Amino acid sequence: MGSKRSRRRSLTHSLLFLVLALSALLSVRWLLFEPYVIPSGSMIPSLLIHDHILVNKLAFGVRWPFSKKWIFPPQVPRRGDIVVFRSVEDDGFFMIKRVIGLPGDELTYDPEGRLFVNGEPVTRRPLANPNTEGFYEVNENDLQTDFADTDFYVENLEQREYRIILRKQKFRSDFESIRIPKDSIFLMGDNRDNSRDSRYWGTLPLDNLLGRAMFVWLSCEETVGSTPFLCNPLTLRWKRLFHKIQ
């Protein structure tokens with residue numbers, strides 16, 4: 001009899017521990033951090049395909065549990081932030097881009113790939129060697145193209161420096177200029193000629209924001225089979241582990 005009671009008590013404790021552990025995990029994921037795997041090359045060279053990152057969900061505010069509604073109006077991100085958000089074209093699809101323009105900004109993007117914010121050119125300078133100045137060293141496999149086909153630049157936005165890529169063939173979108181409406185932001189990929197972003201689908205409502213990208217905690221060149229979240233341990237990019245996202 002005592003043995004049965006002991007087993008029931010042990011089972012009850014185990015179930016209680018499991019419920020508490022799952023509740024804590026869900027709370028952390030809902031409130032604090034969200035994992036995300038980079039699915040495409042739109043943010044190369046800042047973020048590579050199969051980079052596993054953590055997203056700070058408190059960066060812009062707090063939502064009601066299991067809801068898209070903010071408890072308080074969301075904070076506006078800074079220019080240069082890399083953010084994860086819900087697509088305006090498919091609400092169930094998440095994307096990641098860099099914030100270029102804020103509410104009220106006027107943006108211009110000319111046929112040569114030069115960016116202007118409120119009439120002022122965003123400073124950029126060419127990089128003869130894309131792997132200089134302390135940036136993570138990328139190879140042609142990372143880029144998914146030849147070095148000879150690309151031009152690298154260092155862009156400076158809000159005192160933040162990051163690399164961008166332009167194709168030598170200078171294919172550009174039809175986008176020219178826009179005035180960003182209230183409660184919206186404008187986003188672009190760092191791989192400027194290989195990114196479907198605000199130049200194509202318009203501005204992003206702040207309500208679609210999920211959070212700010214923090215750091216890469218795992219990265220690999222290939223995954224196991226067709227599972228994008230399971231890295232092939234033989235192809236790990238060791239130098240990117242715990243790499244801070246700029």
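Biologist: In which strand does E34 lie?

Modeller: This is a predicted model, in which local features need pLDDT of at least 70, side-chain atom pairs count only at pLDDT 80 or more, and totals for chains, interfaces and linings use all residues. Residues are numbered from 1 along each chain as its sequence is written, and side-chain values use heavy atoms, with hydrogens and water left out. Strands are DSSP runs (E, at least two residues), numbered from the N terminus. E34 lies in strand 1, residues 33–37.

Biologist: Does E34 count as buried or exposed?

Modeller: Buried means under 20% relative accessible area, exposed over 50%, partly exposed in between (1.4 Å probe, protein chains only). E34 has 14% relative accessibility, so E34 counts as buried.

Biologist: With which side chain does the side chain of E34 make a polar contact?

Modeller: A polar contact is a pair of N or O atoms within 3.5 Å; within protein, one must be able to donate a hydrogen and the other to accept it, and residues adjacent in sequence count only if both atoms are side-chain atoms. At 3.4 Å, the partner of E34 is the side chain of K57.

Biologist: Which cysteines form a disulfide?

Modeller: A disulfide is a pair of cysteine sulfur atoms within 2.5 Å. A search of the whole structure finds one. Its sulfur atoms are 2.1 Å apart, and the pair is C220 and C231.

Biologist: What is the handedness of the link of C220 and C231?

Modeller: Both cysteines, C220 and C231, are buried. The angle about the S-S bond is -80°, and the link is left-handed.

Conventions
Helices (H or I, at least four residues) and strands (E, at least two) are DSSP runs, numbered from the N terminus.
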